[in-house]
Amino acid sequence: MSDIARAPSPDAAALDRQRSELVAQIEKLRQAATADRAALAQLRTQVREAARAPSPDAAALDRQRAELVAEIEKLRHDATADRTELAQLRAQVSDVARAPSPDAAALDRQRSELVAQIEKLRRQATDNHAGMDRLEKQMDRLEKQFAEAFQPQESSQPQSTATIGISPDIVLPSDATPRVILRFARNRDSARTRAATLERSLRAQGLDVVKSGNSPISSRANEVMYFYNEDRPSAERIAAGLVEAALIQRAFADDGSLPRPGTIEVAIGR
């Protein structure tokens, strides 16, 4: 401070420009820190929701893990950028400190304010790193819990050799009659006509048909959906009787439930 007070006075206009640039840099860093805090809060919410949710399928777990890794990598990148800007800001402050001062008291105040701003940004960067560490630990715990949930359980009971989609403990009786849920748009004449024709054909084959007027399909193609591997032959036979029908195996119904074995959904396209 005494060196600055004894130094000769610089150009007041140049000092004002430097001060304006430093203020702009500080505002930019403050906005970046605010964005980081918002991202951390959102990521914490996602982690809590993932921790409370029931064990998802492997594909959903991979998507959640990929999203968490991407968020953490983004925060790490932002923290690196913050450190770079802080280094540049320190260099600018040092340049201002070495410059001759027209008013030692005013320069002291400016330097104190800048030091306070830098210290605040340093604490925010430290909090960001701590938050990322906590999130990484939470993600590790979630991965361990999901791995344990998906690990096959040993059982003393005889194991079935049947493979039924994602539910190996459910066996479809050999004499079970497939139940076909027929979905179509009631407000379309062509869809109603094709649905009625298909219903008669399926009933003639001895199938149980349930009609629904709300079709989840939005394309012009027909879709035949099944949920268990044992139902695939029946779904293929139904799809063979349709024009350009897509055969799809789904893990869950539209409402998130898992239908009973033998359930096949047919959506009539537009």
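**Figure 1. Glu265, a buried residue of strand S5**. With a relative accessible area of 2%, Glu265 counts as buried, a word used here for residues under 20% relative accessible area, whereas exposed means over 50% and partly exposed lies in between (1.4 Å probe, protein chains only). Glu265 belongs to strand S5, where strands (E, at least two residues) and helices (H or I, at least four residues) are DSSP runs numbered from the N terminus. This is a predicted model, in which local features need pLDDT of at least 70 and side-chain atom pairs count only at pLDDT 80 or more, while totals for chains, interfaces and linings use all residues. Residues are numbered from 1 along each chain as its sequence is written, and side-chain values use heavy atoms, with hydrogens and water left out. Leaving aside residues up to four places away in sequence, Glu265 touches Ile181, Arg183, Glu223, Val224, Met225, Phe227, Arg250 and Ala253, a contact being heavy atoms within 4.5 Å.

**Figure 2. The salt bridge between Arg183 and Glu265**. A salt bridge is a side-chain nitrogen of Lys or Arg within 4 Å of a carboxyl oxygen of Asp or Glu, and in the pair of Arg183 and Glu265 the closest N and O atoms are 3.3 Å apart. This pair links distant parts of the chain, since Arg183 lies in strand S1 and Glu265 in strand S5, 82 residues apart. Both Arg183 and Glu265 are buried. Their side chains also make a polar contact of 3.3 Å, which is a pair of N or O atoms within 3.5 Å; within protein, one must be able to donate a hydrogen and the other to accept it, and residues adjacent in sequence count only if both atoms are side-chain atoms.

Figure 3. In helix H6, which runs through residues 232–240, Ser234, Ala235, Ile238 and Ala239 are buried. The buried residues of H6 pack against strand S1 (179–183), helix H5 (189–204), strand S3 (222–226), strand S4 (245–249) and strand S5 (263–267). On the face of H6 turned away from the buried side, the exposed residues are Arg237 and Ala240. H6 also holds Arg232 and Glu236, four residues apart, or about one turn of the helix, and their side chains meet in a salt bridge with an N to O distance of 2.8 Å. Arg232 is partly exposed at 36% relative accessible area, and Glu236 is likewise partly exposed at 36%.

**Figure 4. The largest nonpolar core, with 18 residues**. A nonpolar core is a set of buried Ala, Val, Leu, Ile, Met, Phe, Trp, Tyr and Cys residues joined through side-chain atoms within 4.5 Å. In the largest one, the residues with the most contacts inside the core are Leu182, Leu198, Leu202, Val224, Ile238, Val266 and Ile268. At least two residues of this core come from each of S1, H5, S3, H6 and S5, and H5 gives the largest share, four residues. Apart from this core lies another, of ten residues, among them Ala39, Leu43, Met132 and Leu135.

**Figure 5. Glu73 and Arg76 in helix H3**. Glu73 forms a salt bridge with Arg76, and the closest N and O atoms of the two are 2.9 Å apart. Because Glu73 and Arg76 are three residues apart in helix H3 (residues 58–98), about one helical turn separates them. Glu73 counts as partly exposed at 44% relative accessibility, and Arg76 is partly exposed as well, with a relative accessible area of 34%.

Figure 6. The C-alpha atoms of Gln117 and Leu29, which are 88 residues apart along the chain, are separated by 9.6 Å.
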